[in-house]
Amino acid sequence: MPADTTLDVDALLDDPASRVIVCCGSGGVGKTTTAAALALRAAERGRQTVVLTIDPARRLAQALGLRELGNHPKQVQVEGFEPKGELWAMMLDMRRTFDDMVRVHAGPERAEQLLQNPFYQTISTSFSGTQEYMAMEKLGQLAATDEWDLIIVDTPPSRSALDFLDAPTRLSTALDGRMIRLLTGPAKAGGWGLRKVVSAGFSMFAKAVSTIIGGQLLADASAFMQAFDSMFGGFRERARKTAELLRSSGTSFLVVAAPEPDALREASYFVERLAGESMPLAGLVANRTHPVLAPLSATEALTAAESVQNAPLAEAVLRLHADRVALAERENRLLARFTRAHPEVPLTRVPALAGDVHDLEGLRDIGAKLTS
């Protein structure tokens, strides 16, 4: 594939075989806005679309004309907005998604035990990988309903934007790991109560841990694992199915990056990681670029600025143009370096806007720039 391949965003949105689009990239590059703009454009072109955001900011809801987003999709119905398809939006509530998963996999009585368990209440909000796993859990739920023919996902704002690929394995391994089994195993051995086991000196390890973190936490962990055991198979099975969905032919990944060294280094990592994981990459969105709007070089602009007399505004405009040309040339060099390293990756550029996106018209403008 030639290095100057342009990403055809409309072809991706219009393809009926395209069922899931995942926007990934490092933090602060515009993933949330890109995901919302793609969803809006897809709906206006006739797709039944839902956008799932994990960004805790409320700007997506505001841009879509909604007071707030919840853990279940809400249809965007704004005066004057009459898409050919439909647009729905939601924002992940990590705790509620975990709670819903527990209710599905455990019986009513067991589910209530789990939901009230202090150890569960801790890991459901702060355990490493929980947010990323629940994002994938919610994606799996949305895909299973068949209510939408296109799901667009805004990935978590974590240090590595591909952490969610590891999350199902990481979280299930942690919950099935040696440490937790050591903590909870004695309570399940021969009916011995955990406190009795610890006080009898059965395990120096359990004694030490109990001294450090407290016997009550050990008891809570033990009760949690005994209740969780019954649904652990379902937990892993759902993780496996979601991993299959991410690798399916109907899924596409869009890497979003700013034209800056750190962001493009991260983008290169994402591209290589996706290839290594056999994830279908659609292309790169170079966001917030600064194209030159006049055919005048920086040197010419500075020369003209030096020669201008008694026209401070004209001189300022010429110098501003020279700065803009220098910035554009720097961005072009960075993007050229990326395409030399990854000539197979299609690319589209989205110019920086003068202000923040705060309504449907702003999202529509971003969507148009994604395809121009």
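**Figure 1. Buried residues of helix α14 in the predicted model.** In α14, the buried residues are A263, L264, A267, S268, F270, V271, R273 and L274. The helix covers residues 261-276, 16 residues in total. From its first C-alpha to its last it reaches 23 Å. That is close to the 22 Å expected at 1.5 Å a residue. An α-helix has 3.6 residues a turn, so residues three or four places apart point the same way. Look for such spacing among the buried positions, which include A263, A267, F270 and L274. After α14 comes S278, with a positive phi near 60°.

**Figure 2. The whole chain.** The protein chain has 372 residues, and 48% of them count as buried. It holds 17 helices and eight strands. Take the contacts in the chain with a separation of 6 or more: residues 24 or more positions apart account for 76% of them. The accessible surface comes to about 17800 Å². Carbon and sulfur atoms make up 53% of that surface.

**Figure 3. The open sheet of eight strands.** The strand order is β3-β4-β2-β5-β1-β6-β7-β8, and the pairing is mixed. Strands β3 and β8 (347-351) stand at the edges. Each has a single partner strand, so one side of each is left without a neighbour in the sheet. Helix α7 (residues 130-145) packs on the sheet. α7 touches β1, β2 (48-53), β4 (86-91) and β5. The direction of α7 makes about 165° with that of β2.

**Figure 4. Strand β5 and its two partners, β1 and β2.** Strands of a sheet pair through backbone hydrogen bonds, either parallel or antiparallel. Which way do β1 and β5 run? Strand β1 (residues 20-24) and strand β5 (residues 150-154) run parallel, joined by four bridges. V20 stands opposite I151 in β5, and C23 stands opposite D154. Strand β2 also runs parallel to β5, again with four bridges. Here T49 stands opposite L150.

**Figure 5. The two covered faces of β5.** In a regular strand the side chains alternate between the two faces of the sheet. On one side of β5 are L150, I152 and D154. On the other are I151 and V153. How many of the five residues of β5 are buried? Five of the five are buried, so β5 is largely enclosed by the rest of the structure.

**Figure 6. Helix α4 and its cap, D93.** Helix α4 (residues 94-105) has 12 residues. Its span from first C-alpha to last is 17 Å, close to the 16 Å expected at 1.5 Å a residue. D93 caps the N-terminal end of α4. A side-chain oxygen of D93 lies 3.3 Å from the backbone nitrogen of R95. The buried residues of the helix are M94, T97, F98, D99, M101 and V102.

**Figure 7. T97, a buried residue of α4.** T97 sits in helix α4. Why does T97 count as buried? Its relative accessible area is 0%, and buried means under 20%. The side chain of T97 makes a polar contact with the side chain of N71, at 3.2 Å. Neighbours within four places in sequence aside, T97 is in contact with N71, L92, M134, E137, K138 and Q141.

**Figure 8. E68 in a loop between a helix and a strand.** E68 lies between α3 (59-63) and β3 (74-75). E68 counts as partly exposed because its relative accessibility is 49%. Leaving out neighbours within four places in sequence, E68 is in contact with A61 and K74. E68 and M90 are 22 residues apart along the chain. Their C-alpha atoms are separated by 8.8 Å.

**Figure 9. Positive phi at R288 and N310.** Most residues other than glycine have a negative phi, and most peptide bonds are trans. R288 is not a glycine, yet its phi is positive, about 60°. R288 lies in strand β7 (residues 281-289). With a relative accessible area of 39%, R288 is partly exposed. N310 is not a glycine either, and has a positive phi of about 55°. Where is N310 found? N310 is in the loop between α15 (298-307) and α16 (312-341). Is N310 buried or exposed? N310 counts as exposed because its relative accessibility is 80%.

Technical notes. Residues numbered from 1 in each chain as written. Predicted model: local features only at pLDDT ≥ 70, side-chain atom pairs only at ≥ 80, totals over all residues. Heavy atoms only, no water. Buried < 20%, exposed > 50% of the residue type's maximum accessible area, 1.4 Å probe, protein only. Contact = heavy atoms within 4.5 Å. Expected span 1.5 Å × (residues − 1). Polar contact = N/O pair within 3.5 Å; in protein donor to acceptor, adjacent residues only side chain to side chain. Pairing = 2+ DSSP bridges. Axes fitted to C-alpha atoms, helices over the stretch in contact; angles between N-to-C directions. Areas by Shrake-Rupley, 256 points an atom, 1.4 Å probe, with all protein chains shown as cover.
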